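Me: I would like to go through this structure term by term. For each label, tell me what it rests on.

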Amino acid sequence: MEYFLIATILLIVLIFAGVPIAFAIGATTTIYLLLVNPANLISIPSRMFSGINSFTLMALPLFMLAAEIMVRTGISTRLFDFVRISWIGKLRGGLAYVNILASTIFGSISGAALSDIAGLGYVEMKAMEEDGYDKGFAAAVTAASSCESPLIPPSNVAILYAGTMSLSVGAVLWAGLIPGLLLAAAQMLYVALNAKRMNLPKHEKHYTKEEKRVIRKEGCLALGMPLIILLGITLGWFTPTESAAVAVVYAIVVGVLIFHNISVRDFMSALWVSAKTTANLFLITSFSAVFAWAIGNEQVPQKIAEAILEVADSKYVVLLIMNLILIIAGMWLETSAAVLLFAPILAPIVVAAGVNPIHFAVICIVNLTLGLITPPVGVVLYATAGVADISFGRMVKAALPFIIINFIVLALITYIPAICLAVPQLLGFTV
């Protein structure tokens with residue numbers, strides 16, 4: 001156990017020193033094996049391969065490629081306009097509602113909070129600023145609403161978690177639906193209760209019938225990809241990996257034949273970005289698999305579980321401890337990397353305490369996502385402040401009410417399992 005603590009401290013030091021996550025995990029794993037049993041070093045290549053030798057994980061690069069192509073079609077602007085022309089866009093504070101709804105919808109395509117900020121954030125904040133919203137408030141709504149992205153299916157993070165922990169992809173995907181919508185509803189409720197007090201403006205722009213027709217058509221086409229994926233997986237038409245391939249074909253058809261704005265250069269750029277992202281993620285996955293195997297041989301998760309269960313007298317206390325650990329991890333680590341590092345260690349502990357593994361999958365993803373907007377670090381806070389061109393202090397002050405709201409929703413998700421399990425149970429993915 002002392003060697004595990006040494007490895008953990010080393011990993012933290014390397015991350016703070018700016019070493020790329022994959023190499024930090026790889027170096028930590030190698031040193032840990034040297035300390036525990038140097039003979040196990042010979043197993044590193046085979047364990048790295050087995051960590052990514054998963055049919056489910058094959059879907060990730062294709063989903064990333066589909067998302068990259070859709071972003072290059074200007075899908076973010078089209079989704080924002082699609083929601084803006086609805087009746088909700090005409091309310092006081094209408095663009096704040098539109099911001100939240102558009103991010104919730106875009107999350108089903110991008111699957112990541114940072115992707116939401118990069119793909120939709122600028123469009124949202126610019127539109128709100130032009131309509132007279134305070135810059136800090138616009139940035140706060142944008143940052144908070146990005147938290148729905150990894151929850152709304154189909155989510156790359158959910159697929160990664162399911163593949164890493166050998167869970168049903170459909171169950172983990174659908175388990176995030178209600179929590180994601182609950183986060184969006186809570187944020188919209190805050191806007192509704194404070195719209196008059198904050199004197200939020202109304203969106204006065206009028207659209208012609210032809211403009212509305214075009215916007216609705218393009219918005220529905222944008223929504224087609226996630227619907228095809230979810231229906232295909234749920235109805236058993238194709239596997240998650242096959243659905244990812246269908247998503248790529250759909251994205252290409254929409255971009256080339258309908259929107260007419262994807263060139264060969266754009267496609268090659270999408271391929272390159274997807275390849276780099278996939279290579280980085282799979283390198284992290286392979287090294288994390290070796291680390292998980294190494295600590296499993298030493299029964300580290302069991303020892304941690306025994307220690308926590310001795311202190312905690314119920315699964316509710318165990319869940320509270322897990323939340324604290326994951327929130328802190330989410331502040332510093334990219335969500336996918338954190339899932340790969342912490343899920344194999346923490347999931348067996350909560351399952352031993354009587355928590356449903358699908359329920360914990362959502363808890364894990366929500367915590368790590370909320371960590372992205374939690375000071376003093378909060379990667380999404382920094383990213384949004386950069387896009388909005390405001391100070392980090394102003395960003396934190398404006399986002400604080402939304403951060404509190406998100407943590408209230410996290411508490412509900414943690415202690416009311418039905419919020420996560422109702423849809424997967426209804427669809428027959430879990431009992």
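Reply: Start with Asp389, which counts as exposed at 61% relative accessibility. This is a predicted model, in which local features need pLDDT of at least 70 and side-chain atom pairs count only at pLDDT 80 or more, while totals for chains, interfaces and linings use all residues. Residues are numbered from 1 along each chain as its sequence is written, and side-chain values use heavy atoms, with hydrogens and water left out.

Me: Why is Asp389 called exposed?
Reply: Exposed means over 50% relative accessible area, buried means under 20%, and partly exposed lies in between (1.4 Å probe, protein chains only). Asp389 has 61%, so the label is exposed.

Me: What is the phi of Asp389, and where does the residue lie?
Reply: Phi is positive, about 60°, although Asp389 is not a glycine. Most residues other than glycine have a negative phi. Asp389 lies in the loop between α19 (379-388) and α20. Helices here are DSSP runs of H or I with at least four residues, numbered from the N terminus.

Me: What is the phi of Ser166, and is Ser166 buried or exposed?
Reply: Ser166 has a positive phi, near 55°, and is not a glycine. Its place is in the loop between α9 (156-165) and α10 (169-175). With a relative accessible area of 67%, Ser166 is exposed.

Me: How do you know that Asp134 and Arg394 form a salt bridge?
Reply: A salt bridge is a side-chain nitrogen of Lys or Arg within 4 Å of a carboxyl oxygen of Asp or Glu. For Asp134 and Arg394 the N to O distance is 3.1 Å, so the pair meets the definition. Asp134 lies in the loop between α7 (113-130) and α8 and Arg394 in helix α20, so the pair ties together parts that are 260 residues apart in sequence. The structure holds one salt bridge.

Me: Are Asp134 and Arg394 buried, exposed or partly exposed?
Reply: Asp134 has 44% relative accessibility and counts as partly exposed. Arg394, with a relative accessible area of 36%, is partly exposed.

Me: What makes Asp134 a cap of α8?
Reply: A side-chain oxygen of Asp134 lies 3.0 Å from the backbone nitrogen of Gly136, at the N-terminal end of α8. A polar contact is a pair of N or O atoms within 3.5 Å; within protein, one must be able to donate a hydrogen and the other to accept it, and residues adjacent in sequence count only if both atoms are side-chain atoms.

Me: Why is helix α8 described as largely enclosed?
Reply: In α8 (residues 135-145), 10 of the 11 residues are buried, so the helix is largely enclosed by the rest of the structure. Among them are Gly136, Phe137, Val141 and Ser145.

Me: How do you know that Cys147 is in no disulfide?
Reply: A disulfide is a pair of cysteine sulfur atoms within 2.5 Å. A search of the whole structure finds zero. For Cys147 the nearest cysteine sulfur, that of Cys364, is 15 Å away. The sulfur of Cys364 is 12 Å from the closest cysteine sulfur, in Cys420, too far for a bond. Cys147 counts as buried at 1% relative accessibility, and Cys364 is buried, with a relative accessible area of 1%.

Me: What makes the nonpolar patch a patch?
Reply: Patches are made of residues with over 30% relative accessible area and no salt bridge; nonpolar side chains (Val, Leu, Ile, Met, Phe, Trp, Tyr) are joined within 5 Å, like charges within 9 Å. The members include Tyr316, Leu324, Leu400 and Ile416, and the patch has about 830 Å² of accessible area together. Areas come from the Shrake-Rupley method with a 1.4 Å probe; for residues, only the protein chains shown count as cover. Leu400, found in helix α20, counts as partly exposed at 45% relative accessibility. Five residues, the largest share, come from α20; α16 (315-332) and α20 (392-415) each supply at least two.

Me: How does the span of α11 compare with the span expected?
Reply: The expected span is 1.5 Å times one less than the number of residues. Helix α11 (residues 177-194) has 18 residues and reaches 26 Å from its first C-alpha to its last, close to the 26 Å expected. Its buried residues include Pro179, Met188 and Asn194.
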